[in-house]
Amino acid sequence: MLLLGAEFPNFEVETTDGKIKLHDYFGEKWGIFFTHPADFTPVCTTELGTAEKVCDQFAKKNCRMIALSCNTVEDHKAWLDDIKAWAKCNKISYPIIADSSRDLAVKLGMLDPDEKNAAGLPLTARVVFIIGPDKKVKLSIYYPATTGRNFDEILRVVDSLQLTAYKKVATPANWKPGDKCMVLPSVKDDECKKLFPETVVQNMPSGKKYMRMTPQPN
């Protein structure tokens with residue numbers, strides 16, 4: 001299993017767009033790597049169709065998307081027509097990796113032991129890895145095979161990751177772009193006044209001054 005901060009492996013993979021080396025594919029952009037149990041399955045079809053609907057939104061955030069499903073390239077290409085029909089679109093803008101041997105699923109620790117296929121083997125979990133321009137894992141979310149992803153949440157966490165990578169703030173629960181942020185505890189008061197002059201400190205029963213809210217920095 002890949003831990004946060006680990007370098008994402010630079011696998012060379014077969015995809016619907018040909019052979020790809022992952023680090024070259026992501027380049028200097030943020031990577032969205034999302035996996036699926038199998039082709040021609042209902043939840044996966046809705047996820048890949050939804051991914052296409054929001055692909056432009058990820059592109060505006062300097063992200064490149066790539067999917068993986070545990071079938072062959074030929075299966076993927078046949079499946080694309082179903083995905084496009086469900087999503088009511090005329091293209092799929094991102095490649096889908098072939099992993100019919102489940103080799104990558106095993107190497108990345110993406111198996112769901114509670115959900116089995118017809119052969120009794122564990123299905124691949126629905127995993128999202130967000131990979132920074134430095135090729136390090138910034139976030140991972142594991143869903144069971146029976147639960148589809150929320151792509152609005154993935155877009156939200158990309159906004160948070162990109163903001164907090166460059167600014168000395170954290171984003172609180174249910175934060176959305178434009179909401180107030182929290183000044184990092186490591187920022188001393190003098191530095192806080194310079195960086196975030198509109199900071200408001202919320203008084204807490206403990207008397208500790210750690211709840212420092214500031215407008216989202218640009």
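Mentor: Start with a cut-off. A disulfide is a pair of cysteine sulfur atoms within 2.5 Å. In general, a disulfide is a covalent bond between the sulfur atoms of two cysteines. This model is predicted: local features need pLDDT of at least 70, side-chain atom pairs count only at pLDDT 80 or more, and totals for chains, interfaces and linings use all residues. Residues are numbered from 1 along each chain as its sequence is written, and side-chain values use heavy atoms, leaving out hydrogens and water.

Trainee: How many disulfides does a search of the whole structure find?

Mentor: The search finds 0.

Trainee: Is Cys44 buried or exposed?

Mentor: Buried means under 20% relative accessible area, exposed over 50%, partly exposed in between (1.4 Å probe, protein chains only). Cys44 has 0%, so it is buried. Cys89, at 24%, is partly exposed.

Trainee: What is a nonpolar core?

Mentor: It is a set of buried Ala, Val, Leu, Ile, Met, Phe, Trp, Tyr and Cys residues joined through side-chain atoms within 4.5 Å. In soluble globular proteins, nonpolar side chains tend to be buried together. Here the largest core has 28 residues. Among those with the most contacts inside it are Phe34, Phe58 and Tyr94.

Trainee: What does Phe58 touch?

Mentor: Contact means heavy atoms within 4.5 Å. Not counting residues up to four places away in sequence, Phe58 touches several residues, including Ile32, Met65 and Phe151.
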